[in-house]
Amino acid sequence: MTLGPDDPFRPLDYRPPLPLERLLLDRAPGDEALSLDVLFVGGGPAGLAGAIELARLARHGQRLEDLEIGVLEKAERLGEHCLSGAVVHPGPFRDLFPDLRDSDFPFRQPVRHDRVYLLSERRAWRLPTPPTMRNHGHFIASICEIVRWLGEKAEALGVNLFTGFPAASLLVQGPRVVGVRTAEAGLGRDGQPGPNYRPATDLQARVVVLAEGTRGLLTQAWQAWQRIGSTNPQIYALGVKELWEVPKPPEAVIHTMGWPLPADVFGGSFLYPMGERQVAVGIVVGLDYPWRDLDVHDLLQQCKLHPLFRPHFEDGELLEWGAKTIPEGGFYSLPERLHSDGLVVCGDAAGFVDVASLKGIHYAMQSGILAARAIYEALQANDTSAARLAGYDAAVRGSFIWRDLQRTRNMRLAFRDGLVRGGLKATLMQLTRGRFPGRRIPVEEDAAAVRRPGGAASFAPDGKLTFRKVDAVFRSGNATRDDIPRHLAVPDARVPETVARFYAHMCPAGVYEVQDGTLVVQAPNCVDCKATDVLGPRWTPREGGSGPKYKSM
C-alpha cells in the first residue's frame with residue numbers, strides 16, 4: 001500500500017526489529033579475554049557510583065581485597081556522552097563520600113529560587129511551583145563535570161576505567177551472562193578493516209552491570225532474551241539543550257509549560273543559571289507527540305525568542321549544544337525484574353527517572369550503590385546466580401527510588417489527555433499522593449502513536465540567537481570521521497517519503513535527509529541521543545570515541 005503525503009502512519013510499522021543475533025552471542029569469551037570480577041557497562045553516574053561503592057566495600061571487607069572491577073565507556077573520555085539538566089539531589093554523594101561536605105562536590109551552585117511559568121507566544125504567567133518541582137537543598141551542576149569527578153574517585157580506589165570501548169554484544173552461556181564483546185574500530189564505510197583497524201575485545205566477568213543509560217541496547221536485548229516485560233511499555237522524551245555564556249544569568253531555576261508546544265504535546269522548557277556567566281537552556285518533548293513535522297530542535301530555537309528568555313541571550317554566545325532521550329514511563333514501565341544469572345540493570349537503563357520532579361541522577365547513583373551492595377554479598381557467598389542477585393531487586397523496592405516513583409506513578413501518563421486535563425489530573429494525584437485515580441493509566445509505546453500532518457515550526461535561523469542543525473552539531477564537538485560505517489539500521493524496504501520526512505524532523509542532529517524523495521542517512525552527524533531507536537532506524541554501537549564530545553553539559 002502506497003503512503004500518501006497526507007496519510008497518517010505509525011512509526012512502529014517501519015521500525016526494523018531489534019538485531020538480537022548481533023547483540024546476544026551464545027559463546028564463551030575468547031582465549032585472550034580480559035578477566036574481571038565485576039564489569040559495569042556505562043561510565044555514567046550509575047556505573048561509576050556502583051564501581052566506587054563496590055571498591056569501598058572490597059577495601060574494607062574480608063577475602064575480597066583484590067577484587068577486579070572495570071567500567072566500560074563508549075566515549076573517548078568520561079563525560080563526553082553525558083547530558084542532563086542538571087539539578088541534582090546531593091543524597092547519594094553524601095552516602096558515597098560521608099567525609100566530604102557539599103562544597104567539596106562538583107556542583108556549580110545551590111538552587112536559590114524556583115519559578116514555573118505558563119507561556120503563550122508573547123506572554124508568561126507565573127504559576128505556583130508544584131511541590132515535586134521545589135528544589136530547595138538541591139544543586140545546579142554539569143553532568144559532564146560530575147562524571148569526570150566520579151571517575152577520578154573511582155580510579156583512586158583501583159577501579160579500571162576502559163574509555164573508548166563500546167559494548168556491542170552480551171556473551172552468554174545457557175541462561176548466564178558471562179561477559180561482553182566490544183565493537184570493532186577502524187572499519188571502512190564498506191565494513192572492511194582499514195589501516196587503523198582494532199578488533200573486538202572480550203571481557204569476562206562474574207557479574208555484568210548494565211548501566212548503559214537511556215534506551216540501552218544491551219538492556220533491550222537482555223529483556224527480550226529473558227522475556228522480561230513491564231506493566232506499561234517504556235516511553236521517552238527527547239531533550240535538546242544549549243549552554244551559553246551570557247552577561248547576567250537569571251537568579252532562579254526556571255521551568256515553563258505551554259508555548260511553543262502544541263496543546264496535545266507533553267513537555268516544557270527550562271533555563272538554569274550555571275555560575276556567574278553561564279546559563280543552560282533546553283526543551284524536553286514527549287516522543288508520543290502526534291504530529292509528523294514537529295521538530296524539537298526548532299522548538300528550542302523558537303523558545304529563545306520568547307520575551308521571558310530572549311534578554312538573557314541577546315549579548316551572549318552559544319558554547320555547546322546537545323541532545324538526549326529520557327525514559328519517562330516511571331513506575332509502571334520498570335522491568336518486572338532487574339537481575340538474572342550474572343547480571344543486574346541500574347540507572348536510566350532500568351528507567352529510574354521521576355518526571356514529576358524532573359530528577360534522575362540521584363536515582364541512577366543510588367541504584368548503582370544498591371547494585372554494588374547486592375553484588376558484594378553475592379561475591380562473598382561465591383554465588384552470582386539470579387537467586388542470589390535478587391537481593392538487588394529487594395533493595396530497590398525498599399528504597400526511596402521505589403517510593404518516589406510509586407507516589408508519582410500516573411503523573412506523566414495523565415498528560416496523554418493534553419495539557420489542561422493532564423494538569424488537573426496531576427494536581428489531584430499530587431494531593432492524594434498518587435492514590436487518584438486508583439488504577440494504572442495504560443499507554444502504548446511511542447512508536448505506536450499515529451502521526452498525522454502538521455506540527456512544523458516555521459522560522460529562519462539568524463546565526464546569533466537561533467541556529468541550524470548543522471551548526472548545532474558542530475557545537476556538540478562531534479568529530480566522527482566521515483568514512484565510518486553506518487550504524488543506523490534502516491528498514492530493508494525503501495522508506496516512504498512521508499516517513500523519511502518524519503525522520504528528518506524527528507532527529508535533532510540532521511542525520512536524516514530527503515533527497516529526490518529518498519531517505520539519505522548522514523550517520524557521522526549522530527550524537528547518540530537514541531530518538532531514532534525509539535521512533536525510527538535502530539541505533540547500534542559504533543567504534544569508540546564516535547559521537548559528541550560534551551565538556552560542560
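Which residue in strand 24 is the bridge partner of glutamine 515? Select glutamine 515 and look across to strand 24: the partner is threonine 518.

Before going on, a word about what is on your screen. This is a predicted model, in which local features need pLDDT of at least 70 and side-chain atom pairs count only at pLDDT 80 or more, while totals for chains, interfaces and linings use all residues. Residues are numbered from 1 along each chain as its sequence is written, and side-chain values use heavy atoms, with hydrogens and water left out.

**Stop 1**

Strands (E, at least two residues) and helices (H or I, at least four) are DSSP runs, numbered from the N terminus, and two strands count as paired if DSSP finds at least two bridges between them. Two residues lie between the strands of this hairpin, where aspartate 516 has a positive phi near 55°. Buried means under 20% relative accessible area, exposed over 50%, and partly exposed in between, with a 1.4 Å probe and protein chains only.

**Stop 2: strand 6 and its two partners**

Next, select strand 6 (residues 114–119), which pairs in the parallel sense with strand 16 (residues 253–258) over six bridges. Here arginine 115 stands opposite isoleucine 254. Strand 6 also pairs with strand 7 (residues 124–127), this time in the antiparallel sense over four bridges. Valine 116 faces leucine 127 of strand 7, and four residues separate strands 6 and 7 in their hairpin.

**Stop 3**

Now find the open, antiparallel sheet whose three strands come in the order 4-8-5. Strand 4 and strand 5 (109–110) are at the edges with a single partner strand each, so one side of each has no neighbour in the sheet. Strand 4 meets strand 8 (residues 139–140) over two bridges, with valine 88 partnered by phenylalanine 139.

**Stop 4: helix 4**

Select residues 143–156. Helix 4 has 14 residues and reaches 20 Å from its first C-alpha to its last, close to the 20 Å expected at 1.5 Å a residue; the expected span is 1.5 Å times one less than the number of residues. Its buried residues include Ile143, Trp149 and Ala154. They pack against several elements, among them strand 4 (87–88), helix 2 (45–60) and helix 7 (361–380). Just after helix 4, click on glycine 158, which has a positive phi of about 95°.

**Stop 5: helix 7**

How many of the 20 residues of helix 7 are buried? The count is 17, leaving this helix mostly covered. The end C-alpha atoms of helix 7 are 29 Å apart, which agrees with the 28 Å that its 20 residues should span at 1.5 Å a residue. After helix 7 comes asparagine 382, with a positive phi near 55°.

**Stop 6: glycine 194**

Finish at strand 13 (residues 193–198), where you will find glycine 194. Is glycine 194 buried or partly exposed? Glycine 194 counts as partly exposed because its relative accessibility is 27%. Leaving aside neighbours within four places in sequence, glycine 194 is in contact (heavy atoms within 4.5 Å) with Gly186, Leu187 and Gly188.
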